[in-house]
Amino acid sequence: MEEKFSRTELLLGGEAMERLRDSRVAVFGVGGVGGYAVEALARSGVGALDLIDNDVVSVSNINRQIIALDSTVGMYKTEAAKARIADINPQCKVTAHNIFFMPETAELIDFSLYDYVIDAIDTVTGKIEIIMRAKSAGVPVISSMGAGNKLDPTRFKVADIYKTSVCPLARVMRREMKKRGVKDLKVVYSEEEALKPQNSDISQPSGKPVPGSNAFVPSAAGLIIAGEVIKDLAFYG
């Protein structure tokens, strides 16, 4: 029993830990949700991680993203996460893909290499592409729904996309998955109604208002996602 993961092995057992060591997981989006998922996977002994994100750490990320520090501002998020993982589990093989994943860049990622895929990005077009390519490759996928403008981390649930409610992003994804004939999709979503930001004058480059966020809601979603992946790989992989 390796001391670093001995507490985890007490719960999962030796065979499950071997399956985690032999697993390769792709995480699309290394932000508030994805960053915490990556952290938990690394601390659970997953043997290989592919991190897909083209964003860099900004000062405004520090309130909620585990890889965001004064010392990492300006770094690619994938590279900041890679350095952090090297300090947690040097045996974990990390591959950074500094790309904005969309249908136009999808061919740069070989989904057949993975044992599990995590979708933690915000763009609907990109989310659909991730899910459809994972399904086509026969790889399990879990998708994060909306976590912005929310304050209650206890309202998250794990469900099939067709059993979700309240979340506007989940509503869009239900429609898009149905149109494409997707029969099931594991998601993490919140039943909390989104709050209205107190300062709605701040806009994204797209013109849409910047959503409010905090340290405890995206992180909760990311850790729930990681927990689902770890259990699936350990016991059903």
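Helix H2 (residues 14-21) and helix H7 (residues 217-236) pack at an angle of about 115°, with their axes 8 Å apart, and the two are therefore roughly perpendicular to each other, a class that spans 65 to 115 degrees, whereas angles under 35 degrees count as roughly parallel, over 145 as roughly antiparallel and the rest as oblique. Axes here are lines fitted to C-alpha atoms, for helices over the stretch in contact, and angles run from 0 to 180 degrees between N-to-C directions. The helices and strands themselves are DSSP runs numbered from the N terminus, with at least four residues (H or I) for a helix and at least two (E) for a strand.

The model is predicted, so that local features need pLDDT of at least 70 and side-chain atom pairs count only at pLDDT 80 or more, while totals for chains, interfaces and linings use all residues. Residues are numbered from 1 along each chain as its sequence is written, and side-chain values use heavy atoms, with hydrogens and water left out.

H2 passes H7 in a right-handed crossing, meaning that the near helix is turned clockwise from the far one by less than a right angle. Ala16, Arg19 and Leu20 of H2 meet Ile230, Leu233, Ala234 and Phe235 of H7, where contact means heavy atoms within 4.5 Å. These residues divide into 6 nonpolar, no polar and 1 charged; Ala, Val, Leu, Ile, Met, Phe, Trp, Tyr, Cys and Pro count as nonpolar, Asp, Glu, Lys and Arg as charged, and the others, Gly among them, as polar.

The sheet is open and mixed in its pairing, with 7 strands in the order S3-S2-S1-S4-S5-S7-S6. Strand S3 (93-97) and S6 stand at the edges, each with a single partner strand, so one side of each has no neighbour in the sheet. Neighbouring strands are turned by 20° against each other on average, direction ignored. H7 packs on this sheet, touching strand S1 (24-28), strand S4 (116-119), S5, S6 and S7, and its direction makes about 45° with that of S6.

Strand S7 (residues 186-190) is mostly covered, with 4 of its 5 residues buried, that is, under 20% relative accessible area with a 1.4 Å probe and protein chains only. Its pairings, for which DSSP must find at least two bridges between two strands, are as follows.

| Partner of S7 | Sense | Bridges |
|---|---|---|
| S5 (residues 141-144) | parallel | 3 bridges |
| S6 (residues 156-160) | antiparallel | 5 bridges |

Val188 of S7 stands opposite Ser144 and is also the bridge partner of Val158, while Val187 of S7 is the bridge partner of Ser143.

Technical notes:
Buried means under 20% relative accessible area, exposed over 50%, partly exposed in between (1.4 Å probe, protein chains only).
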